[in-house]
Each structure stands twice: as structure tokens, then as C-alpha cells.
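This note goes through the structure below point by point. Please read it with the model open.

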Number of protein chains: 2
Amino acid sequence: MSDFVQSLERGLAVIRAFDADHPEMTLSDVARVTGLTRAAARRFLLTLVDLGYMRTDGRLFTLRPKVLELGYSYLSSLGLPDVAQPHLEKLAAEVHESCSVSVLDGSDIVYVARVPTKRIMNVMIEIGTRFPAHATSMGRVMLAAQENLDDFLATTPLTALTDRTITDPVELKSELSRVRAQGWSMVDGELEHGLRSIAAPIRNKGKVIAAVNISTHVSRPIESVHDDLVPPLLATAEAISADLNLS
Amino acid sequence: MSDFVQSLERGLAVIRAFDADHPEMTLSDVARVTGLTRAAARRFLLTLVDLGYMRTDGRLFTLRPKVLELGYSYLSSLGLPDVAQPHLEKLAAEVHESCSVSVLDGSDIVYVARVPTKRIMNVMIEIGTRFPAHATSMGRVMLAAQENLDDFLATTPLTALTDRTITDPVELKSELSRVRAQGWSMVDGELEHGLRSIAAPIRNKGKVIAAVNISTHVSRPIESVHDDLVPPLLATAEAISADLNLS
């Protein structure tokens with residue numbers, strides 16, 4: 001008996017087949033998108049209806065909000081968002097810029113908490129959004145704390161997101177050393193032109209487990225970033241870390 | 001052959017077994033919490049590891065952020081959050097109170113977008129949070145538009161959340177008529193003492209599909225709610241509805 005449960009993979013694929021371009025689908029649509037037979041697609045869809053994850057009018061199927069609870073199993077298991085959110089809201093109110101917390105997952109950062117203030121350059125970053133770690137300030141502070149950094153650099157393609165993105169492993173390693181010594185990082189136009197972001201590490205029992213950032217626009221002078229944003233950022237990272245160690 | 005895929009139900013139960021109290025579990029823990037045999041729990045856990053939804057150090061299992069993508073299949077399929085979020089941010093910045101958008105799911109409202117400003121009374125409302133529709137301002141504007149309202153009232157227990165909650169179906173029906181005529185609703189301490197909330201319907205092609213609210217504290221005088229909050233709330237509901245009809 002194989003250890004792999006194909007029915008689980010297929011059922012999750014049926015959930016993921018729905019998105020902004022496919023908000024409602026017929027049985028035939030789902031079969032086509034997932035590559036399942038009509039009979040199999042029908043069994044998965046009816047099971048999801050039965051479990052409350054999907055609804056149907058008999059012809060069209062749509063997801064129900066219960067699907068959100070799956071994602072929140074992860075956020076809740078992390079513990080971090082509940083602890084971080086009030087600190088993040090205080091920081092955003094103080095600096096009038098959007099603030100976020102992310103974790104590292106492979107070579108990506110994934111947003112787990114966010115307080116937007118005004119929208120910067122129409123960038124809309126939601127919880128669950130991923131960005132390549134090497135091109136982000138939060139990724140840099142988390143990579144700087146990695147024990148197996150050489151493995152990461154040897155195996156991860158350092159894609160250029162803009163013409164400013166560091167794509168040379170040697171150069172990135174040297175920047176990460178600087179970040180480690182300094183205790184925070186700045187990324188300037190490497191993820192997106194005009195977007196400037198600073199980040200600091202969140203520690204649980206001394207170990208870096210996440211990062212908090214402030215993202216801003218190039219129109220704010222670098223001096224203002226150093227003088228007005230870095231101190232509250234570091235204070236927030238410390239406060240979240242202190243709360244984590246209490247809980 | 002049954003139409004119900006038990007493996008899918010069990011796999012989803014394994015994901016949901018993880019939460020703030022159980023952020024990491026051994027195989028035996030998962031078997032105990034889900035009621036599965038150790039052999040079955042092992043197959044589901046290894047499948048989830050294989051699919052990238054879980055990680056393990058060989059002994060302890062934890063969820064990975066990919067689980068968030070399942071919840072975002074729902075949010076994305078809804079289309080609503082992307083359209084509503086900028087309007088919600090503008091409204092929150094204007095009235096300096098927390099603002100949300102929710103949809104109706106059975107007898108509950110479920111939050112699908114939210115912009116917090118300051119934290120009111122330590123209430124922390126995240127996307128995916130559910131409240132009984134009858135005791136909330138957003139629920140009231142959505143119930144007021146239901147065609148099968150009598151069925152709802154006949155089958156839904158109107159639980160008292162505080163001593164102010166309307167629990168009499170006849171009284172609720174009369175309040176919903178008033179809400180329908182007025183075009184917005186106010187709920188005052190019925191969900192939680194001291195919490196006052198107003199809501200207006202979001203329409204897609206004339207049909208009420210969601211609601212937007214502003215939640216505030218009893219310390220704000222009723223006159224201020226009427227004069228300062230209702231007009232921007234109604235303008236925001238109109239603006240979101242207009243954008244939905246464009247998209």
C-alpha cells in the first residue's frame with residue numbers, strides 16, 4: 001500500500017481550481033481544469049458540498065467561506081499573528097506607512113500579518129502573498145540568520161525582479177553579513193522600482209522565526225528612513241519578540 | 001460506489017487538527033485528535049508533507065504556509081475583497097474607525113475584508129471570523145434582502161449574545177422591514193456590550209451580495225453616528241457596488 005493518498009491530493013486540487021477567473025464552475029469545467037474524469041470530479045465536488053466547503057445550485061459549483069478555516073488553521077498554529085497584530089497596528093499608526101510580518105518558506109517569504117495604511121503604488125499585498133526572499137528586506141534578515149546559508153545560495157536561483165536586484169550569490173552573501181552585523185536590512189527598488197522597505201528580525205528564544213517590515217516609497221529621503229523609521233521598527237521587533245517569549 | 005470520498009474528509013480533518021493549542025504534533029497526537037488509526041494518520045501526514053502543506057523533522061509535524069493558499073482560493077473566487085479593499089481603506093482613514101466587509105453563509109456572517117484602525121475593546125476580528133447574522137448590523141442588511149426570510153426565521157435559533165440581542169422572530173422581522181426601508185442598519189450592544197455598528201448593503205446587479213460596516217464604541221454619541229458615519233458608509237457601499245458592476 002502506497003503512503004500517498006491520491007484522493008486527498010485530488011480533493012485539494014478541486015478546491016484550488018476555483019479562483020478569480022473561475023469563481024463558479026460546472027462539473028465539466030472542474031473535470032477539464034483538474035484533469036479528473038467527470039465521475040471522479042463529481043464525487044469530490046459532492047463530498048466538498050457535503051462537508052460545507054462548497055455549494056451548488058445543481059449545475060454550478062462555488063466555494064463557501066468555510067474554506068477560509070483551512071488557511072486559518074495555519075495562521076492559528078503559528079501563534080505569531082495574534083501576538084504581532086497589535087504591535088503592527090501601533091507601528092503603522094506611528095509611522096503612517098504599511099507594515100507587515102512574514103515567515104520564510106523555502107526560498108520565499110510569506111506574509112502572515114499586515115496593516116496597510118495608504119496604498120503605495122497600487123501594490124496590494126495580502127496575507128499568503130509570496131515574494132522571493134532574496135529580493136526583500138524581510139527575506140534578507142531571515143536569510144542572514146540561516147545556518148545553511150551556503151546551501152541556500154548554491155541551490156536558489158537569484159532571479160532579477162528589477163534591474164537593481166542583487167543576483168550574484170557572492171554579493172548577496174556579503175550584503176547578508178552586513179545585515180547580520182547591523183541588525184536590520186534595507187531593500188531599495190530590488191523587488192519593485194520605487195518601493196523601499198526596511199525589516200528587522202523577530203526572535204523566539206533567541207532564534208529568528210519571522211521578520212517585521214515597514215514599506216515606503218523612494219520619495220521619502222533616506223535620512224528620514226534612518227531617523228524616523230528604523231528606531232520604531234527595531235522597537236517593534238523587540239516588543240513582538242518579548243511577547244513571544246512570554247507566551 | 002458511494003459518492004462520498006472519505007479520504008478527502010480525513011485529510012482536511014488532519015489539517016484542521018492543528019491550531020494555536022496544537023501547533024506541532026507527533027503522529028500519535030494526530031491519530032488521537034482525529035480519531036484515525038496511526039497507520040491512516042501517517043499516510044495523510046506524509047501525503048500533506050509531499051504536497052507541501054506540512055513539514056516534519058521526522059517526529060513533529062507542523063503546517064506550512066501553503067495551507068493559506070486554500071483559503072485564498074475562496075477569497076479570490078469571491079472577487080469582492082480586491083474590489084472592496086481600497087474603498088474600505090479610504091473609509092477607515094476618513095472615519096477613524098474599523099471597517100469590514102462580510103458575506104452571509106447560512107445563519108452566519110463571515111468577514112472577507114477588514115481594515116482595523118485602533119483596537120476597540122480588544123475585539124480582534126480577522127478574515128474568516130463568523131458571527132450570528134441576526135445580532136450584527138451586516139447580517140441585518142443581508143437578511144433584510146433575503147427572499148426566504150420566513151424560512152430563515154422559522155429554522156434559525158436567535159441566540160442572545162448579550163441581554164440586548166433581539167431573540168423574538170416577530171420583533172426581528174419588524175426590525176428587518178425597517179432596515180430594508182431605511183437602507184442601512186444599526187446594532188447597539190446586541191453582539192457585544194459597548195460595541196455599536198452600522199452597515200449598508202453591497203449590491204451586484206441589484207442583488208445584495210455582501211455588506212460593509214463601521215464599528216464603533218458607545219462612547220460616540222448616536223448623533224455623531226448619524227451625522228458623521230452614516231453618509232460616508234452609504235457612499236462607500238455605493239462605490240463598491242458601482243465597481244462590482246464594472247468588473
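How many salt bridges does the rule count over all chains? The count comes to 26, where a salt bridge is a side-chain nitrogen of Lys or Arg within 4 Å of a carboxyl oxygen of Asp or Glu.

1. Basis. This is a predicted model, in which local features need pLDDT of at least 70 and side-chain atom pairs count only at pLDDT 80 or more, while totals for chains, interfaces and linings use all residues. Residues are numbered from 1 along each chain as its sequence is written, chains are lettered from A in the order in which they are written, and side-chain values use heavy atoms, with hydrogens and water left out.

2. Salt bridges between the chains. Across the interface of chain A and chain B, 10 salt bridges are found. One of the salt bridges pairs A:Asp3 with B:Arg42, at 3.2 Å from N to O. A:Asp3 sits in the segment before H1 of chain A and B:Arg42 in helix H3 (residues 38-50) of chain B, so the pair joins two chains. A:Arg42 and B:Asp3 also form a salt bridge, with their closest N and O atoms 3.2 Å apart.

3. Extent of the interface. Chain A and chain B each bring 58 residues to the contact, contact meaning heavy atoms within 4.5 Å. About 5500 Å² is buried between the two chains, 63% of it on carbon and sulfur atoms; buried area is the accessible area (1.4 Å probe) that two parts lose on being put together, summed over both.

4. Symmetry. Chain A is superposed on chain B by a rotation of 180° with 0.0 Å of shift along its axis, at an RMSD of 0.1 Å (least squares on the C-alpha atoms of residues with pLDDT of at least 70 in both). The two copies are thus related as by a two-fold rotation axis. Of the interface residues of chain A, 100% are also interface residues in chain B, so the copies meet through the same surface.

5. Domains. An automatic or database assignment divides chain A into domain 1 (6-64) and domain 2 (71-246). The C-alpha centres of these two domains of chain A are 36 Å apart.

How values were computed:
Helices (H or I, at least four residues) and strands (E, at least two) are DSSP runs, numbered from the N terminus.
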